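Biologist: Hi, I'm new to this one. Could you walk me through it?

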Amino acid sequence: MTTPAHPTATPAPPSLGVAAIGYAFMGKAHSNAWRNVASFFDVPAFEQKVLVGRDATAVAEAATKYGWAEAATDWREVINRDDIHIIDICAPGWMHAEIAIAALEAGKHVLVEKPLANTLAEAELMTAAAAKARARGVQSMIGFNYRRVPALALARELIAEGRLGTVRHVRAAYLQDWLADDQSPMTWRLRKETAGSGALGDIASHAIDQVLYLLGDQVTEVTGRLHTFVPQRPGGKAAGDGLEDVTVDDAAWATLSLASGAIASVEVSRVATGQKNSLKLEIYGDRGTILFDLENLNELGFLDATAPVREQGFRRILVNEPEHPYLEAWWPQGHIIGWEHTFTHQVRDFLLAVRDQTPPSPSFEEGLNVQYILNAVEESAAAKSALIQLPGAAPETSPTEGA
Ligand SMILES: NC(=O)c1ccc[n+]([C@@H]2O[C@H](COP(=O)([O-])OP(=O)(O)OC[C@H]3O[C@@H](n4cnc5c(N)ncnc54)[C@H](O)[C@@H]3O)[C@@H](O)[C@H]2O)c1
């Protein structure tokens, strides 16, 4: 006799109906992933059923272009449809909690973009809803897509295998310049009530998640600093034709103490002139070092400090072999992949978790963990960079990796 993976899970439908909410930046990136994933990976059958937005004409156009069967403007109606089993939330952070909780309560599997939510209170409610839903076989995952860069998945493996020895410190910098121009207009991303925070929640969330993911470690203490270099910007509705106050940070700095004794520095900015989308990670151990640069995401720098000193030096690993994570499914070796592939890998891993009833990673607990760290950075910044202690954090789980 076989035991079902989950005693109360409803039988899997012949084809999973998917709905995505939001059709702009992430809506497009996720749609591309849904559209391509089954061409490369063995995933359970699914259908791109509905794309949801606010403007009926625009969302209908996007649905046709991105391969969705239908368009809709009311996400509440969509999550209650019997033919929808997965909700992919690509809407701004202020909507994550409301949509995710409603979807989980309706028994739908949820993939939500980062950061988990705009506030700690919302993130805690979402995590509680996810735990309750999990007990009914309903899955949830947060979209920290950089976990699905093959080079970073390989870096995690090398670190876990002890190839760096004891990790002493990490440098994580995520720099962009799309707000460097002080005439760049207001958007939802520059208002605290819609974005929660600025560069901190937007891109430090990715950098912090990487530190946790790569090291499989937990943060115990935090210091932080936030700064807004351009305090007012044009074009906000609230200000008419005038200037509106920017209520979030342009840049943020943090140090993170890890349970292992390692220390990470995190530096993020959206006003770093000339830096377009530069995520750089450096991990220094007593037996070796790893370097990663998102602008060369197929490569990993690795220095093996156990080699004879006269032969030592950084080697460039082209992470493009079939034995590297996820890459067996793609092109012959050396035929490099790009940023968009990380979303395809993310959808692949989520679908397998839904099919196999295995815990998807990063879970909402892991998203909440990042949220506690972001909150501690804000707390520290408000207290002249005082050292903030973090209570016990959620254990790190491994994603379903590789093809
Ligand atoms: N993983 C990444 O690398 C990455 C990159 C950018 C953004 N994000 C995250 O993705 C999320 C969305 O960001 P974005 O850049 O795509 O934003 P965006 O402004 O480009 O798009 C937001 C979308 O949400 C839709 N929306 C807003 N209110 C809605 C409503 N009531 N009903 C239905 N749809 C609604 C909008 O119509 C739009 O399509 C955010 O959480 C952001 O932090 C992640």
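Modeller: Happy to! Let's start with helix α4, residues 93-105: its 13 residues reach 19 Å from first C-alpha to last, close to the 18 Å expected at 1.5 Å a residue. This is a predicted model, in which local features need pLDDT of at least 70 and side-chain atom pairs count only at pLDDT 80 or more, while totals for chains, interfaces and linings use all residues. Residues are numbered from 1 along each chain as its sequence is written.

Biologist: Which residues of α4 are buried?

Modeller: They are G93, H96, A97, I99, A100, A103 and L104. Buried means that 20 or more other C-beta atoms lie within 10 Å of a residue's own; 12 or fewer is exposed, and in between is partly exposed.

Biologist: And what follows α4?

Modeller: G107, with a positive phi near 80 degrees.

Biologist: Switching topic, what is the average pLDDT of the chain?

Modeller: The average is 94, and 93% of the residues score at least 70. pLDDT is the predictor's confidence in each residue, from 0 to 100. Over residues 1-9 the value is below 50, and it stays under 50 over residues 398-403 too.

Biologist: How about helix α10, what are its length and reach?

Modeller: Helix α10 covers residues 364-382, so to speak 19 residues, and reaches 27 Å, close to the 27 Å expected. Because 16 of those 19 residues are buried, α10 is largely enclosed by the rest of the structure.

Biologist: What comes after α10?

Modeller: K384 does, and its phi is positive, near 55 degrees, although K384 is not a glycine. K384 lies in the loop between α10 and β17.

Biologist: Is K384 buried or exposed?

Modeller: K384 counts as exposed, because it has 8 C-beta neighbours inside 10 Å. Q357 also has a positive phi, near 55 degrees, but Q357 counts as partly exposed because it has 14 such neighbours. Q357 sits in the loop between α9 and α10.

Biologist: Where is P362, and what kind of peptide bond joins S361 to it?

Modeller: P362 is in the loop between α9 and α10. The bond from S361 is cis, with omega about 0 degrees. Another cis bond joins K114 and P115, with omega about -20 degrees.

Biologist: Last one: at what angle do α6 and α8 cross?

Modeller: Roughly 45 degrees, with their axes coming within 8 Å. The two helices are therefore oblique to each other; angles under 35 degrees count as roughly parallel, over 145 as roughly antiparallel, 65 to 115 as roughly perpendicular and the rest as oblique.

Conventions
Two residues are in contact if their C-beta atoms, placed from the backbone, lie within 7 Å. Helices (H or I, at least four residues) and strands (E, at least two) are DSSP runs, numbered from the N terminus. The expected span of a helix is 1.5 Å times one less than its number of residues. Axes are lines fitted to C-alpha atoms, for helices over the stretch in contact, and angles run from 0 to 180 degrees between N-to-C directions.
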